[in-house]
Amino acid sequence: MIVFIVMLGLGIAAAMLNSIGILMAVCIMLIPLIFLLDLEKIEYMLWIGIVITSFFGSYLGLSGNSSIFLFRILLLLHVPLFLWSVSRNRLGYSKIEKVIVILIVLWLFGNVASMLWASYISATFRYLYFVFEAGYLMMITLYHVRSKKDLAIVTYFISAVYGFCLVIGMIEVLTGWHMSLSGNVLEYTQERHKYRPAGLQYNYNDFGAFLVMFLPLVVWGIHTWRWRGKYLFIAAVIGISGFLVINTFSRVSMIMLIVEVVLLLVLWFRVWGVIASFVGLLVVVSINVLQLGAANSSLFTDVISAFTEKGNSTSERMMMYQKTMQIISDSHFLGIGVGNVPIALNNSIMGHGTLSNAYRAPHNFILESVGNIGLWSSFLFAVVVIALILSVKYLWVHMQNGFFAVVPVLIVAEFLSASVGISTIIEIRFLWIALGLVLAIVCNQAFWRRDGKWEF
C-alpha cells in the first residue's frame, strides 16, 4: 500500500507537468484491480471497452496528441491479458475457429514478410499497425462472443453508440455543424459537403457504411426488448438511418440499405412484407416534396443525383483499378510490400514520385491487398469466404426462424461492398469487429441450436 501511494503521488506530480503523466497516473490507479478482481473479468471488460472506444477513435485522445487515445491504450493493456487467458483456456477456440485464427495469423505473417521487398519502408510500419488491429479485433471478438448472451451484451453497447451517431448525423444534416475531427471540417470544406453527415467517422462514405453495417444487428437488439413500443422505435431507427444514408450520397450504402429493409420486411412480416416493400418504395418516391437538409434539395433528388452525377468519380475509380492491376501484374503477384500500393498508385497517376511519398488509396481492398502482399492476401480472403459460406448455410437452416438468420449474410455483404465503396477499409475498425461478430455467430454451435428464444 505504501509503494502504491508513493507511485500514485509520482503519477499525479507527472500529470501536472504533461499529458503523458495523466496516462501514467491512471495506469497506476488501475494496479490494485489486478489484485482485487479476476484477471479474466478484467480482460473481458477491456474487450468491451475496446469495442466501445473503437467507434470514437481520436475523440477520446489526449489533449495535444490525438495519436494517443483510449482505444489504443486499452488495446495495449488487453494484449498480455488476452494471451494469458487464451493460454490458460488451451486456446479456447473450436476446430473451425482455430482454422480461422491460423489463417489470420498467416495473413499477419505475410504482411510482415513483405517488408523484405518493400520500397517504402516508412509506409510499412503505419500500415502494419492497422493490419495488426484488424487481425486482433477479429480474433478477440471471435473469442469472446461464445453465446447468445454475449452477443446480446455487445449488441446493447453497439446500439447505444449507434443511437448517439444518429443524433449527431441529424444535427449535421439539419444545421451543417460537424464534429471537430470530421473530414467536413478538416478537408471537405466545399459548400456541397456542408450538410453531409459523417458522425464519428472521418467522411460520409465511412458513416454510410457504419449505418448500414450495424442496422440489422441494432434492429434485432431492439426487438429483444420487452417494451411494447419497440416496433415504433425500430421504425424510427430505420427511417432516420435511411435518411442519413441518403444524405451521405454513398451509392453502395443506399443499395445495401434497400436490400436490408426489404429482407427485414419479407422475413419479419412474411407475405405482408412484400406488399409493404412496394408501398415503401412508392412513399420514398413521393417524398420529393419533402425539404430537409441543404436548401432546395430533397431526398428523392439526392438519391437520383447520387447515381447520375458521379460520372467523374466512377471514371477515376476505374482508372485507379487499372493502375493497381498493372502494379500487381508487374510484381508477378508477389506484391510490392505492405502499405506500398497507395504510394505506387499515386506515383503512377502523377507520373513521378514525391518527396513526401504522397499516397492515394485504390478504393478496392481486394486489389490493394494483392498489390501489397501478393498471394499472402489469399489467407484473409479465405476467412471472408468461410464467413460468407457459413452465413449462407446459417440462413438456409434458420430461415423459418425470422430476421436474425439473415443478419450474418447482410454483414458479410456490407463488408464486401465497403471494400469497394470506401477508399481503404484497413483503418476502419468497426468493419473488422463486425466481421468478427459474424465469424463468432456462424462458427459457434451455440448459435445453431434452435431454442427459439431470440428469433423473430
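Q: Where is the place of histidine 332?
A: In this predicted model, histidine 332 sits in the loop between helix H14 (311-330) and helix H15 (341-350). Phenylalanine 333 is likewise placed in the loop between H14 and H15.

Q: How should I read phi in a residue other than glycine, and what is phi of histidine 332 and of phenylalanine 333?
A: As a general idea, most residues other than glycine have a negative phi. In the present case, phi of histidine 332 is near 55°, a positive value in a residue other than glycine, and phi of phenylalanine 333 is near 60°, again a positive value in a residue other than glycine.

Q: Is histidine 332 buried or exposed?
A: The class follows from the relative accessible area, where exposed means over 50% and buried means under 20%, with partly exposed in between. Histidine 332 has a relative accessible area of 64%, and is therefore exposed. Phenylalanine 333, by contrast, has a relative accessible area of 47%, so this residue is partly exposed.

Q: How do I describe the packing of two helices, and at what angle do the axes of H3 and H4 cross?
A: Two packed helices are described by the angle between their axes and the distance between the axes. For helix H3 (residues 39-54) and helix H4 (residues 70-88), the axes come within 9 Å and cross at roughly 145°, and the crossing of H3 and H4 is left-handed. Among the residues that make this contact are Leu39, Leu46, Trp47 and Ile50 of H3, together with Phe71, Leu74, His78, Trp84 and Arg88 of H4. By class, the residues of the contact of H3 with H4 comprise 13 nonpolar, five polar and three charged.

Q: How many cavities of 30 Å³ or more does a search of the whole structure find?
A: The search of the whole structure finds three cavities of 30 Å³ or more, and the largest cavity has a volume of about 40 Å³.

Q: Which residues line the largest cavity, and which helices supply at least two residues of the lining?
A: The lining of the largest cavity is formed by Asn205, Ala209, Ser250, Val252, Ser253, Glu414, Ser417, Ala418, Gly421 and Ile422. Helix H9 (204-223), helix H11 (251-269) and helix H18 (407-421) each supply at least two residues of this lining, and the largest share, four residues, comes from H18.

Q: How does the lining of the largest cavity divide by class?
A: The lining of the largest cavity has four nonpolar, five polar and one charged residues.

How values were computed
Residues numbered from 1 in each chain as written. Predicted model: local features only at pLDDT ≥ 70, side-chain atom pairs only at ≥ 80, totals over all residues. Heavy atoms only, no water. 1 Å grid on protein atoms, 1.4 Å probe; cavity = no way out; pocket = protein on both sides within 12 Å on 5 of 7 lines; lining within 4 Å. Points joined across faces, edges and corners; volume = space filled by probe spheres on them. Nonpolar A, V, L, I, M, F, W, Y, C, P; charged D, E, K, R; others polar. Buried < 20%, exposed > 50% of the residue type's maximum accessible area, 1.4 Å probe, protein only. Axes fitted to C-alpha atoms, helices over the stretch in contact; angles between N-to-C directions. Left-handed = near helix turned anticlockwise from the far one by under 90°. Contact = heavy atoms within 4.5 Å.
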